[in-house]
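Here is a friendly note to read with the model open beside you. Take the points one at a time, and find each residue in the viewer as you go.

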Amino acid sequence: MSGPSAVLDRLDALLAAQGLMRLGVVQFDAGDTTPAFGDGRRAAAVVLVGVTGQAMWPVFSAWRAATVHGGGENPLDRWSETVLDPIAAEMGALALYPSRAPYQPFQSWAMRAEGLKGSPLGLLIHPVFGLWHSFRGALAFVEWDDWSGDGADVLPAIPHPCDDCAEKPCLSACPVGAVSLDRFDVTGCRGHLASGEGQAGCMRGGCLARNACPVGVAYRYPEAQVRFHMQALKLPAL
Ligand code: B12
Ligand code: SF4
Ligand code: SF4
């Protein structure tokens, strides 16, 4: 593989073809717990890969329509593996997935890589994409010669949208008050989703608190994708 920018250009092109994008790099320090490769080598860095806005859904939907049983029980996870495993192989990287146990600390990595902070919903909020971004995987590299070139260790301070949001409509939009500045009440949320009102409301049209956030509305997922993610919560068990 040639120089740093050629590697990243190739990676970005492969991801863009799937409606995905690079969401930052974490370069690990000596004291960090790092992902291990099968042969015991440890990762020097991870590149976060994810979804923002509407680009992924048509690609995933086309794959699903062409795949036996629509991709099975967890189709988005299967699609992610189908797409990212070959990219990782080409790059000499190890693919890691957010839903695969033991869970890798994707949110902690994103806070470090992108300077993101949490919203009252428990989701990280991005100054541009708002609450409409998530992770499909990460590529772990044994060697990382600061390919990013964008100083992953010296992030510019990015604004935290919640600090400037006086009204905080997410707090009042949840019908059961599950969203608060102290903590996100997972049990209260899931109880509501299992109810008739929750089935007709949040389960169909998406989390009302997430929908109420004014940041990044242009990047809101398509309705079908919003519904898909809600259905994937597999109620009522936590
Ligand atoms: C278990 C899980 C759930 C559980 C419990 C969530 C909870 N709030 O406790 C359930 C099934 C309920 C759930 C629901 C959803 N989840 Co979820 N979930 C996970 C999962 C698979 C594991 C979390 C975990 O334990 N990680 C292990 C720990 C070690 O990793 P961590 O990075 O350190 O994560 C913890 C820290 O970030 C910690 N934390 C520590 N300090 C701080 C500071 C701040 C400010 C914040 C915000 C968090 C935080 O909170 C995390 C623990 O939950 C992650 C994927 C992942 N691998 O992290 C997705 C993940 C967190 N979920 C995600 C999403 C999008 C959702 C849903 C919106 C799905 C949907 N319906 O569309 C809902 C929203 C629920 C909500 N408001 O929180 C995204 C969040 C993306 C983002 N923008 O931040 C993730 C990262 C998955 C992904 N593919 O991107 N989820
Ligand atoms: S509505 Fe305001 S406080 Fe709530 S998540 Fe959006 S920016 Fe943050
Ligand atoms: S999904 Fe519905 S019940 Fe859960 S936090 Fe969002 S608005 Fe509240």
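1. A polar contact is a pair of N or O atoms within 3.5 Å; inside the protein, one of the two must be able to donate a hydrogen and the other to accept it. Keep that in mind, and remember also that this is a predicted model.

2. Leaving aside residues up to four places away in sequence, Arg220 touches Gln54, Trp132, Gly205, Asn211 and Val226.

3. Now look at helix H2 (residues 56–65) and helix H10 (residues 223–231), whose axes come within 10 Å and cross at roughly 70 degrees. Angles of 65 to 115 degrees count as roughly perpendicular, and H2 and H10 are therefore roughly perpendicular to each other. Which residues of H2 and H10 make the contact? On the H2 side they are Met56, Trp57, Phe60 and Arg64, and on the H10 side Ala224, Gln225 and Phe228. Sorted by type, the residues in this contact of H2 with H10 are 5 nonpolar, 1 polar and 1 charged. The crossing of H2 and H10 is left-handed.

4. H2 has another partner to find: its axis and that of helix H3 (residues 75–91) come within 11 Å and cross at roughly 95 degrees. That angle makes H2 roughly perpendicular to H3. From H2, the contact uses Met56, Val59, Phe60, Trp63 and Arg64; from H3, it uses Pro75, Leu76, Arg78, Trp79 and Thr82. The residues of the contact of H2 with H3 divide into 7 nonpolar, 1 polar and 2 charged.

5. Two backbone details deserve a look. His69, in the loop between H2 and H3, has a phi near 55 degrees, a positive value in a residue other than glycine. Where does Pro102 lie? Pro102 is in the loop between strand S3 (94–96) and helix H4 (106–114). A cis peptide bond joins Ala101 and Pro102, with omega at about -5 degrees.

6. Finally, turn to ligand 1. How many residues surround ligand 1? There are 23, and the closest are Gln104, Ser108, Leu121, Leu124 and Phe135. A backbone N or O atom of Pro98 lies 2.9 Å from a nitrogen atom of ligand 1. A polar backbone atom of Pro105 is 3.3 Å from an oxygen atom of the ligand. Arg210 uses its side chain instead: a polar atom there lies 3.2 Å from an oxygen atom of ligand 1.

Key:
Residues are numbered from 1 along each chain as its sequence is written. Chains are lettered from A and ligands numbered from 1 in the order in which they are written. This is a predicted model: local features need pLDDT of at least 70, side-chain atom pairs count only at pLDDT 80 or more; totals for chains, interfaces and linings use all residues. Side-chain values use heavy atoms; hydrogens and water are left out. Axes are lines fitted to C-alpha atoms, for helices over the stretch in contact, and angles run from 0 to 180 degrees between N-to-C directions. Helices (H or I, at least four residues) and strands (E, at least two) are DSSP runs, numbered from the N terminus. Angles under 35 degrees count as roughly parallel, over 145 as roughly antiparallel, 65 to 115 as roughly perpendicular and the rest as oblique. A crossing is left-handed if the near helix is turned anticlockwise from the far one by less than a right angle, and right-handed if clockwise. Contact means heavy atoms within 4.5 Å. Ala, Val, Leu, Ile, Met, Phe, Trp, Tyr, Cys and Pro count as nonpolar, Asp, Glu, Lys and Arg as charged, and the others, Gly among them, as polar. A residue is near a molecule or strand if one of its heavy atoms lies within 4 Å of it.
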